[in-house]
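Dear colleague,

I am passing the structure below on to you, together with some notes on the contacts between its side chains. Please read them with the coordinates open.

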Amino acid sequence: MVRVKTAPGQDSHARFPVAFVKDMLRSWLHSWKRFLAIGLISALGVAVLTGIWAGCQDMYQAADRFYKAQGLYDVQVVSSSGLTDDDLQALRRLSDVSKAQAEEFQKAQTTVNGSKKELTLVRLHSHGLNQPYLQAGRLPQSKNEVAVTQKFLTDSHLRLGGHIQLEDDHDASQTADNTSELTIIGTVLDPQDLVNPRGRRAGGFRRTTTSDYRLFLPNKAPADSGSQQQKPVYAAISLRMQGSEQMDTFRDDYEDAVNRMTDRIARKVQPDRQEARHQELVDNVKLQLEQARRTGQFPQAAEAVSGDQTIPKTAGGATTDPATLVPPVRWYLNSRATSGSYSDFKSDIDSIQSLGRAFPVIFLTVAVLMSLTAMTRMVEEERGLIGTYLALGYGRIPVALRYLLFALLACLIGGGLGNLAGFIGIPAFLLTILRDLYVVPGTRLAYDWAYSSFGVALFAVGVLLATAVACANEMRQTPAQLMLPKAPKAGARIFLEKIGPLWRRMSFLNKVTARNLFRFKGRMIMTVGGVAGCTALILCGLAISDTVDSLGPRQFHNVYRYNLLAVSSQNNLTPLRQLLQKDGRTRSIMPIRVESSRMTAELPHSHRQKSEAIQLVVVPKDQEPSFSKMVNLRSTDRRAQTLHLSNAGPIVSQSAAHSLGLSAGSAIRLLDKDMNAVQTRVAAVSRSLIGSDVYLTADCYQRLFDKTSQGGSTAMNAVYALLTGSRDQQVSYVNRLSRNQEVASAVSTVDMERSMNFDLMYAVVILIVALAGGLALAVLFTLSSTNVSERTREIATLKVLGFHDREVHTYINKEMLILTLIGILLGLPLGRYVAGLLTSALNMPSLYFDVQIKPVSCLIAAAATMVFALVVQFFTNPTLDRIDPVSALKSVE
């Protein structure tokens, strides 16, 4: 025997016999249905809470390990006038910097699948930063070797050992080592681009038309580096921050540390080095002009400098002071957020993880409500036994422990099973989808003891609180009151009785059903609330599917009106236009300029910056009437007014602006492919669901980037076109066109619409609907079992009065079906409201998740809930049949 503490006023020498424990275990076995229901609800809730989070964390941790292993930069410095060894040394002297590496890029062109494509040749370094991950073959060692990405191999249909012929691109037909032909010696994964080239995302809505390829050349030998006569000028300098190896790149403390580092660079290094570099350029220009004067070649030298837009001539042919004409040097400090797919990867995972934080709230609420219902009934069933134990001297706490331990054990077992599904099953399912979108080496399942314990504890605390409330409500009474049978709830007049014509026409059984619904108000609230929550979850999952299915048609029919976007392989657009006119497949052609770019902005209510890959679309002068036929620009408010391009600033598509929190007047920074960065403000945000387009007038583009052709106007390099023929014929024509030598890229909007793929969203839909269905079964089973157990004497009376089994089934189940219908009617608008919150939760780049729900989805959600209710009735009816009237109607002695 064990001595226990008793309540005040009771025998303090009462003992806790083994018989008490045996009776407690016997009671638990008798209530196995309640145990199963509580455990199942807890398992589902914990699985939702941990599963989506764990899958996202597994991907995050794998990417973090990969970035550290490959040495992806923490901060990269880019200058409008290049960077020198003096800049490199100045940055290395900072205490925040553990490594600094100068980056050398070179532009070139080659033919890929019949079209000219732009290449970025990247020089490997021995400092360990931005190292490509070797997937096959080996890294290049000699000057005629190169490592390429899988994307390049897929598009070019080349293999290891194949040859790449560099073609003329403004005297860039050779590498810096005077090599015009490169041999593919290895396949690598660029740490700045994790998009899976074999996955469906590679051809999806984030693909820019002017995308190029990054190829990797061998590291320079020291003799080669020192043999150069002039000082080397670098494209960028990559920096590794002190202590970054111990930080998680996706946590806020890492971003804060990077921001502190960039602030220190901006204060201590940037101003002096910008001024020094500017003076160096001025001195170089002065030296060139002085040498030209001595050799009699001053006009040619001045013309050359003027052509480079470094020192233009005056109208009279004389030159002014170079110090006033050399443009100021500007540094731009970029973090990982501006690195290729990093921002897209983080936003995708964050959006899915946000769902993992939102839906468990509904599961927890339903679990608490159901536990309160189940445990209240369990305590009521044993009120006589509770009164007996209290009369024998047992304290209220030992008696309450019978039920608290019952609920706790159900939560622990259910939570343990939920953790198995949450850290193994659901993450494995999500990672299968994520691996089709991104290539992250070393992805593996991991178990987090702290988070798993938190998930179980959260549901355990909620269920225990509900159990404690149920025990407290009964144990307020004296032992004598508890040992008496609980008086049945008194009947009362209901609202329907006041509607005479309706009440008089109702049958007797229907009147009884109506009174019973309102007599058990607690059960009614629990049933309606539980069913409404489950219906809302199912509808929310279906809403994701409906929205994903509608994005393509709404974008490519209502926003993009053109059928073809073709980019010329040359700076001159004339050959492409002549080709299109010769084919005779176009109804209208409009010239534009398309460039790949990145847009950076400071997030609202935060000092952190976020970047997104975009596509700049430059519209020529006097082409707005034609442009409105190609792209429908409308405001994002309910009035949907037509927007007009102006020189005030760019119009940003809503799908590109949403993830950055942009609106009209927001400050942004645009970074083009040549690393030229400009600051401007958003003129307007246009209605768009897919894509990352930023629209500019030619005058605005010229003012911002200062880029003009020889004729003084902005050079166009692409066209929008309306095509003739059927949709299949348009796709076939565009595929043939893309293989033409004059075409760098050709995109059919019909093909893009057909290729839209959101496997990650569909995976979440399957998870939500499956788990919501399981929750609905558990809720309805719990409520139905509770309803039967608390009305055993009433059901026995009906049998004595001559009701057949089928009539008893109808009498009891009718009430549950009515409550289920009410719950469905309330759950549908609740589901629409919750689904509407997904627009903010799914904050994904190049995607505005404007929620749409089809009427058929509401019918499916309602029908699914009703099917679950009928399934529960199928298992409940045998319980009704087993009720023995003689045993049930025995009086309590």
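Rings of Phe, Tyr and Trp, the last taken by its six-membered ring, are counted here as a pair if their centres lie within 6.5 Å. Please keep in mind throughout that this is a predicted model.

On that criterion the count comes to 26 aromatic pairs, and ring pairs link Tyr-60, Phe-66, Tyr-67, Tyr-133, Phe-250, Tyr-342, Phe-345 and Tyr-438 into a cluster. A pair of aromatic rings is described by the distance of the centres and by the angle of the planes.

For Phe-35 and Phe-406 the ring centres are 5.5 Å apart and the planes stand at 70°, so this pair is edge-to-face, planes over 60 degrees apart being given that name. Phe-35 belongs to helix H2 (residues 32-70) and Phe-406 to helix H12 (residues 396-437), so the contact ties together parts that are 371 residues apart in sequence. Phe-406 is buried, its relative accessible area being 0%.

Turning to the charged side chains, a search of the whole structure finds 28 salt bridges. One of them joins Arg-383 to Glu-474, with the closest N and O atoms 2.8 Å apart; since Arg-383 lies in helix H11 (residues 383-391) and Glu-474 in helix H13 (residues 449-475), the pair ties together parts that are 91 residues apart in sequence. Arg-383 and Glu-474 are both buried.

The salt bridge between Arg-240 and Glu-245, at 3.0 Å from N to O, has a buried partner in Arg-240, at 5% relative accessibility, while Glu-245, at 36%, counts as partly exposed. In the salt bridge of Arg-639 with Asp-637, where the closest N and O atoms are 3.5 Å apart, Asp-637 is partly exposed, with a relative accessible area of 36%, and Arg-639 counts as exposed at 62% relative accessibility.

Technical notes:
Residues are numbered from 1 along each chain as its sequence is written. This is a predicted model: local features need pLDDT of at least 70, side-chain atom pairs count only at pLDDT 80 or more; totals for chains, interfaces and linings use all residues. Side-chain values use heavy atoms; hydrogens and water are left out. A salt bridge is a side-chain nitrogen of Lys or Arg within 4 Å of a carboxyl oxygen of Asp or Glu. Buried means under 20% relative accessible area, exposed over 50%, partly exposed in between (1.4 Å probe, protein chains only). Helices (H or I, at least four residues) and strands (E, at least two) are DSSP runs, numbered from the N terminus. Rings of Phe, Tyr and Trp (its six-membered ring) pair if their centres lie within 6.5 Å; planes under 30 degrees apart count as stacked, over 60 as edge-to-face and the rest as tilted.
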